[in-house]
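Hello,

Here is the structure I promised to pass on. My notes follow below it.

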Amino acid sequence: MLRFLLAIVAVATPGIPVAEEADPDLTGTQLYPEAPRFVIRAGNNKTKFYKCSRCHEEGDTDPEPRRLKTRHTREIDHGGNRFWCLTCHDGDDLDFLRTSRNEKIVFDQAYLICGSCHADRQKDWYFGGHGKRISGWQDERIILACTQCHDPHTPAREPRKPQPPPPVRTGLERQQHHPPATSRAWEP
Amino acid sequence: MKRRQKTENMPETIDHYRRTFLKRLGLTTATAVSTTSAHGAWGGKTLGDAFADFFQQHYQRMTTEELKQTLGRIERKAQNQYGVNITCTDTPPLEGVVFGYAINISKCKGYRDCVEACATENNLSADIRYIHVLELDKGSMNLELADRYYEHETVPFEGKYYLPIQCMQCDNPPCVKACPVEATWKESDGIVVVDYDWCIGCRYCMAACPYSARFFNWTRPQLPAERINPNTNYLGNRPRPVGVVEKCHFCTQRTRKGLQPACQEACPTGARIFGNLLDPNSEIRYVLENKAVFRLKEELGTDPKFWYFSDR
């Protein structure tokens, strides 16, 4: 039923591609049934072209935690060295993720894993206090998933250059602030 | 006495005055009509448009027909002044909606993407910005020591946090009380709007606003034609005349059609949350009910519909 509803929403909002949910039971309705309904914008298509399974055949993953030396260029700057690949990725089928409750999920559902540690943020995200909504303020609520803003391997966002400061009207100077009033009191 | 003598010497018939008046009026009109097409008199308008502009009513008193004609004149004016074909519509407030805004100051990183998006969307003159991002020392809340002109290689800068300010759309707006001609008022969806054609440019509202959220057009807005956003509305982003006050209007041309305001759409961090305060399931209501929110200068009793909160 939920899959049907999702399909309707996806059709009703042309322009923004919406993620296909692998397992409708995992969309969070069981976590926060009272949260307003949402749909996640479809992730980028990278995983369609560079699927993990192209190199990793099923069943050949070594479950021993270790630092990878092959072409997995990513350093994991997340979780203070407590994590390694199979903390989140599914060792049996690397095109999927696996939650701490041992549920197999697609990459677009990574928020179910993020919430294992960041439960407060996850709740905010479900209700709209965290994250970014990309549809209008009413009707369908299309939002970005955690991993569409944060790289899960290095979640902190890099500082960047700001846009230019506001202009000052011709003939005027920028407003200068006097230093904080720590000088001595007025004396006659 | 001298003056009276002079009057006595002149013919006192009404006819004389009437004739002189009509003669002069006729002469003026004839000159005007003959020069209209050749020299672009009346600011490039037709005589009819110039007269209609002069007698244009207050927005709230216009009939539907008058409003339609006014919108047509605004479109022609933009064509004359900037050479751009704009569409100007009237976007009345939605039923059962009161807009509210919240900003997560933990998430705001001072990128100023909102400022630029706002300027582009709302056809702002080169010297006006509705949104100012204040840079403050962490742990400080003294707005007098805030820097709105910060220029760093990268932001967020060490030891600073960022607080964007814009019109707070007060529920008890002091600017509306200050306006002597009622050119600014609060709409039913809570947005404080300005009728730019009714504004006399006295700037009382600017003095009354405790948030420095109103701006005056000292010159004709400097708008390059290629940067003009052609989707405009009457109370929002249509090109403004010189000598009037303008301000943030929560992008009425967008939000009253269900879209997000341009600043929220542009924000890359998701710090901005906008929605209907009357909808208990809206995101803004979740923030207000579950976060420690505050408002600026709340003690003044202006009752802003603009909240700030942080993740901590």
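Asn102(A) sits in the loop between strand 2 (97–98) and strand 3 (104–105) of chain A. (Helices, H or I of at least four residues, and strands, E of at least two, are DSSP runs numbered from the N terminus.)

Before you go further: this is a predicted model, where local features need pLDDT of at least 70, side-chain atom pairs count only at pLDDT 80 or more, and totals for chains, interfaces and linings use all residues. Residues are numbered from 1 along each chain as its sequence is written, while chains are lettered from A and ligands numbered from 1 in the order in which they are written.

Other backbone points

Phe250(B) also has a positive phi, about 50 degrees, and is not a glycine. Phe250(B) is buried, because 28 other C-beta atoms lie within 10 Å. The loop between strand 9 (245–247) and helix 8 (252–255) of chain B holds Phe250(B). The peptide bond from Val155(B) to Pro156(B) is cis, with omega near 5 degrees. Pro156(B) belongs to the loop between strand 3 (132–137) and strand 4 (160–165) of chain B. For background, most residues other than glycine have a negative phi, and most peptide bonds are trans.

A sheet in chain B

Three strands form an open, mixed sheet in the order 10-2-11. (Strands pair if DSSP finds at least two bridges between them.) Strand 10 (272–276) and strand 11 (306–309) of chain B are at the edges with a single partner strand each, so one side of each has no neighbour in the sheet. The twist averages 20 degrees from one strand to the next. (Axes are lines fitted to C-alpha atoms, for helices over the stretch in contact; angles run from 0 to 180 degrees between N-to-C directions.)

Strand 2 (residues 99–104) and strand 10 of chain B pair antiparallel over 5 bridges. Ile103(B) has Arg272(B) in strand 10 as its bridge partner. Helix 10 (residues 283–290) of chain B packs on the sheet and touches strands 2, 10 and 11, its direction making about 110 degrees with that of strand 10. (Contact means C-beta atoms, placed from the backbone, within 7 Å.)

The contact between chains

Chain B gives 37 residues and chain A gives 23 residues. Helix 5 (113–121), strand 10 and helix 10 of chain B each supply at least two residues of chain B's side.

Best wishes

Terms used
Two residues are in contact if their C-beta atoms, placed from the backbone, lie within 7 Å. A residue is buried if 20 or more other C-beta atoms lie within 10 Å of its own, exposed if 12 or fewer, and partly exposed in between; C-beta atoms are placed from the backbone.
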